[in-house]
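Trainee: Before we look at anything in detail, could you show me how to read strands and cores in a model like this?

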Amino acid sequence: MSTVVIEQSFEILRPFIEDIKKHFSDDATIIHNSRNVLKIFDIKNHKVVVKSFKIPNIINQIVYSFFRESKAARSYMYSQKLIDLGIATPMPIAYVEYKKLGLFKESYYICEHFDFDFEIRAVLTDEEFKDRDTIYKEFAEFSFKLHNAGVYHVDYSPGNVLIKKEDEGYLFYIVDVNRMKFIDYTDELRMKNLARFSANEKDTVAIATYYAEVSGLEKTWCIERLQQFHNEHQEYIKQKAKLKKMRG
């Protein structure tokens, strides 16, 4: 048994989408292969990304069957909401869910391919990156827009911010949006949401300063809070790595 939801303007892709499990096993360009797998397909003059989510454990199979939308469904719905709010993310096309004996099993999310130039991760890790300061400034402006729209991306991290260079500046897209909340931000939470983007103290000062300029918040406060949350996040990563090593 399957559930198929398709954006009306992409009905031409229905045959491909309805048989997505078979097509996903075909040879295609893999752009991510970890817990979940992402592949690119060229279908009827559309370049699309298909994300195959790992089959969840038995508890989440029950949860996604009866109590909560799946990651694929949330990716689709949240992408629609982001676009309505004026936040750039790849255009959602469809999602497909499969059940067996009444329990949730496989799921797929399909969206348009975004031909980005680089992830913001590349900027953070290369101090000689061209236009680095300008990118930080525009990233702060993008983040402020995101926060003012009430968008809380739970995994707002360097790998989930894609950037494309345009004549008038840079275009920022967010991806991997299945873990998202829509809230009223406090000033503290604004800084906490940016904690993963400080590679070093210099980056912290730059991003916090630009965020202060666009938001009207006090610069020193922004720098201190962003550094605090960055340090806390780094400590969390270290402790998580230690636990993983202890468990073997």
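**Reading strands and cores**

Mentor: Keep in mind from the start that this is a predicted model. We can begin with a strand and its partners, and then turn to the nonpolar cores.

Trainee: Why is strand 5 described as largely enclosed by the rest of the structure?

Mentor: Burial is read residue by residue, with under 20% relative accessible area as the cut-off. Strand 5 covers residues 92-100, and because seven of its nine residues are buried, the strand is largely enclosed by the rest of the structure.

Trainee: Which residues stand opposite Y95 of strand 5 in strand 1 and strand 6?

Mentor: Strand 1 (residues 2-6) runs antiparallel to strand 5 and is joined to it by five bridges, with V5 opposite Y95. Strand 6 (residues 103-112) is also antiparallel to strand 5, through seven bridges, and there Y109 is the bridge partner of Y95. The hairpin of strand 5 and strand 6 has two residues between the strands, and L101 takes a positive phi near 55° in it.

Trainee: How should I read the largest nonpolar core, and which of its residues touch the most other members?

Mentor: The general idea is that nonpolar side chains tend to be buried together in soluble globular proteins. Here the largest core has 36 residues, of which Y156, V161 and I174 touch the most other members. Several elements supply at least two residues each, including helix 5, strand 9, strand 10 and helix 9, while helix 6 gives the largest share, seven residues. Beyond its neighbours within four places in sequence, I174 has contacts that include L82, F142, Y156 and M180. Another core, of 19 residues, lies apart from this one and has I17, I20, Y98 and I110 among its members.

Notes
Residues numbered from 1 in each chain as written. Predicted model: local features only at pLDDT ≥ 70, side-chain atom pairs only at ≥ 80, totals over all residues. Heavy atoms only, no water. Buried < 20%, exposed > 50% of the residue type's maximum accessible area, 1.4 Å probe, protein only. Helix = DSSP H or I, 4+ residues; strand = E, 2+ residues; numbered from the N terminus. Pairing = 2+ DSSP bridges. Core = buried A, V, L, I, M, F, W, Y, C linked by side-chain atoms within 4.5 Å. Contact = heavy atoms within 4.5 Å.
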